[in-house]
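Q: Please take a close look at one pair of packed helices in this model. How do they lie against each other, and what surrounds them?

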Amino acid sequence: MYQSLEVFYEKVKECPLRDRQFNFFELVYVVSGTGYYTVNGNTFSYQSGDLFLLTPKDCHEFDLEGICEFMVVRFGENYIREYQWKSIDHIECLLYYASHLSGSLLVTNDDKQMVHSLMLHLQQTINHTSVYAEDLIRHLVNAVIVIAARNIAAVKPKNLLPNADIRLLQILDYIQQHIRKPELLKIAEIAKKFGLSSTYLGSYFRKQCNESIQQYISSYRIRLIEHRLRFSDKRVHEIADEFGFADESHINKFFKRHTGMSLKQYRNERIFTL
């Protein structure tokens with residue numbers, strides 16, 4: 001990949017490369033056709049209107065049933081860093097849950113129609129080079145990313161029971177909404193918010209998610225901090241302040257306890273591997 005963002009159209013009758021593994025992110029939109037899609041050993045069917053996300057190191061391939069058309073969007077970590085997002089929460093959502101996803105990102109019919117229209121505009125733009133074409137492509141791609149993130153915002157922990165009740169989903173939404181405010185994520189505060197005892201909340205959450213509520217909060221916070229280190233130029237003290245840590249020492253102890261390295265080490269290693 002030679003640019004931070006690449007967009008292209010494919011019309012093929014067989015997958016040109018099988019068992020592929022890249023070091024960038026790839027969004028694959030099915031314009032037309034059907035077949036089977038395999039990622040990291042898991043296989044499921046696809047059809048027109050499906051949108052898939054591939055992350056670095058994923059192994060994937062398509063088995064086509066006849067001729068298929070695809071729009072492919074590739075972007076690297078530099079693209080995420082370069083673009084001045086008003087908020088990176090939506091792309092965080094997309095990347096955070098990437099490892100939990102199976103199948104198409106798109107859930108609602110309205111968003112399927114919107115992405116279909118955006119992809120048609122992308123195809124027209126790359127076919128007719130004109131002034132400001134690059135800027136237009138970036139805006140269209142970013143719109144697709146935001147819509148995809150909106151569709152998976154409801155994706156929950158991979159160990160979540162399939163029949164989890166509505167109250168548990170509300171608790172998860174509350175945690176995600178207040179992840180930068182640790183004072184609101186104390187067990188007593190969450191229990192009070194949802195009319196439960198602290199003891200019952202702990203056992204209830206573990207039963208529904210197969211992990212403790214403290215583990216879920218910590219892992220979610222760690223992943224968002226990792227995204228700050230990878231996709232932003234924020235300094236450690238700024239990240240500490242954003243997530244409610246007392247100072248750099250506090251956030252470094254927390255991060256090292258869960259990852260085995262300091263924030264500086266993590267950022268340097270990720271930059272080195274780009």
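A: Helices α5 and α7 are roughly perpendicular to each other. This is a predicted model. Two packed helices are described by the angle between their axes and the distance between the axes. Take the angle here: the axes of α5 and α7 cross at roughly 100°. Angles of 65 to 115 degrees count as roughly perpendicular, so this pair gets that label. Now the distance: the two axes come within 11 Å. Find α5 at residues 166-177 and α7 at residues 198-209.

Next, the side of each helix that takes part. From α5 come R167, L168, I171, L172 and I175. They meet Y200, L201, Y204, F205, Q208 and C209 of α7. Sort these residues by type, and nine are nonpolar, one is polar and one is charged.

Look at C209, one of the α7 residues in this contact. Buried or exposed? Its relative accessibility is 0%, so C209 counts as buried. Another cysteine, C68, also has 0% relative accessibility and therefore counts as buried. As for disulfides, the structure holds zero.

Now leave α7 and follow the chain onward. N210 sits in the loop between α7 and α8. Check its backbone: phi of N210 is near 60°. That is a positive value, in a residue other than glycine.

What does S218 touch, leaving out residues up to four places away in sequence? The answer is F254 and H258. S218 and F255 are 37 residues apart in sequence. In space, their C-alpha atoms are 9.4 Å apart.

Finally, step back to the whole protein chain. It has eleven helices and eight strands. The chain has 274 residues, and 49% of them count as buried. Consider contacts between residues at least 6 apart in sequence: 70% of these join residues at least 24 apart. The surface comes last. The chain exposes about 14800 Å², and carbon and sulfur atoms supply 49% of that area.

Return to the pair to finish. Helices α5 and α7 cross at roughly 100°, and their contact includes nine nonpolar residues.

Methods: Residues are numbered from 1 along each chain as its sequence is written. This is a predicted model: local features need pLDDT of at least 70, side-chain atom pairs count only at pLDDT 80 or more; totals for chains, interfaces and linings use all residues. Side-chain values use heavy atoms; hydrogens and water are left out. Axes are lines fitted to C-alpha atoms, for helices over the stretch in contact, and angles run from 0 to 180 degrees between N-to-C directions. Helices (H or I, at least four residues) and strands (E, at least two) are DSSP runs, numbered from the N terminus. Angles under 35 degrees count as roughly parallel, over 145 as roughly antiparallel, 65 to 115 as roughly perpendicular and the rest as oblique. Contact means heavy atoms within 4.5 Å. Ala, Val, Leu, Ile, Met, Phe, Trp, Tyr, Cys and Pro count as nonpolar, Asp, Glu, Lys and Arg as charged, and the others, Gly among them, as polar. Buried means under 20% relative accessible area, exposed over 50%, partly exposed in between (1.4 Å probe, protein chains only). Accessible areas come from the Shrake-Rupley method with a 1.4 Å probe; for residues, only the protein chains shown count as cover. A disulfide is a pair of cysteine sulfur atoms within 2.5 Å.
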